[in-house]
Amino acid sequence: MRLLLIGDIVGKPGRQIVARAVRGLVQSEQIDLVVANAENCAGGSGLTPANYQELIGAGVDCITLGDHIYRRREIASVLEKEPNIVKPGNFPPTAPGHEFAIVRARNGVSVAVFSLLGRVFMRPVDCPWAAADRILAALPADIKVILLDFHAEATSDKQLMGRYLDGRVSAVLGTHTHVPTADERILPGGTAFQCDVGMTGPYDSILGRRVDRVLESTLTFNPTHFEVASDDVRLAGTLVDVDAETGRATAVRRLSIVQSEADRLASLVDAPPRRVVL
């Protein structure tokens, strides 16, 4: 089976290319489950209930979040009610949301998805390694396919998590830095790993924000509003092939979809069915 993790979706441009590309991507790449990190969907920070519905309507099956999870307070009700969206599992138990989700893929296989925050250069959180152990122990024994979105800053944190969970989960894929890394691999125990799957949004930017606004604030210290940029929009993510019986990864591949490719993928879905003349 094939899984896709879409990296940090930034603002309206990120949401739009997801809506444009995902259904055609599922069809052309034969993807069984689409997971997306959506913590930057609402104007570049946070997620609203409307954003959640938009992504699910676009073909995303499960949503992970990170350190900006509660920037939009109205998302709390969605986090509590919906079974296919998760908070970072090393947040306090009282924080709104579920620690993991079990989602049925298109091929009928149940997949566990969870998210954790790293600790280096991040907000103070509980130990992610202890949280990983606790979550894995809580999963039903028949769940073999498990995906972790490790939302962390330091590559050392991410590499350590990959090694720590090697052979226990199907994939440890990183998010948060908005920069795709070229270190995708399958670790010795059968776990697919990559430090960061990249950003889904405008790449003519500073991590999704307008260059002029970030530059002005950096050079002058004058406060500016870091508006979401608009140009060179791409969908970034990583595909992982998994043996559904063992949960071990068999292949991992980076993915970068530019706007013209997203339009082509949309045409696959929008096109009317071909008439077969007998």
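**Ground rules.** I number residues from 1 along each chain as its sequence is written, and side-chain values use heavy atoms, without hydrogens and water. Because the model is predicted, local features need pLDDT of at least 70 and side-chain atom pairs 80 or more, while totals for chains, interfaces and linings use all residues.

**Helix pair.** I looked up H4 (residues 128-138) and H5 (residues 155-165), which pack at about 35 degrees with their axes 11 Å apart. Helices here are DSSP runs (H or I, at least four residues), and strands are E runs of at least two, numbered from the N terminus. Axes are lines fitted to C-alpha atoms over the stretch in contact, and angles run from 0 to 180 degrees between N-to-C directions. Among the residues in contact (heavy atoms within 4.5 Å) I found Trp129 and Leu136 of H4, and Leu160 and Tyr164 of H5.

**Ring pair.** I found one aromatic pair. Rings of Phe, Tyr and Trp (its six-membered ring) pair if their centres lie within 6.5 Å; planes under 30 degrees apart are stacked, over 60 edge-to-face, and the rest tilted. Tyrosine 70 and phenylalanine 91 have ring centres 6.0 Å apart and planes at 40 degrees, so I note the pair as tilted. Tyrosine 70 sits in the loop between S3 (62-64) and H3 (76-81), and phenylalanine 91 in the loop between H3 and S4 (100-104), so the pair ties together parts 21 residues apart in sequence.

**Pocket.** A pocket is an open set of points on a 1 Å grid over the protein atoms alone, where a 1.4 Å probe fits, with protein on both sides within 12 Å along at least five of seven lines; lining residues have an atom within 4 Å of a point. I see 18 residues lining the largest pocket, with Asn40, His68, His178, Leu207 and Arg209 nearest its centre.
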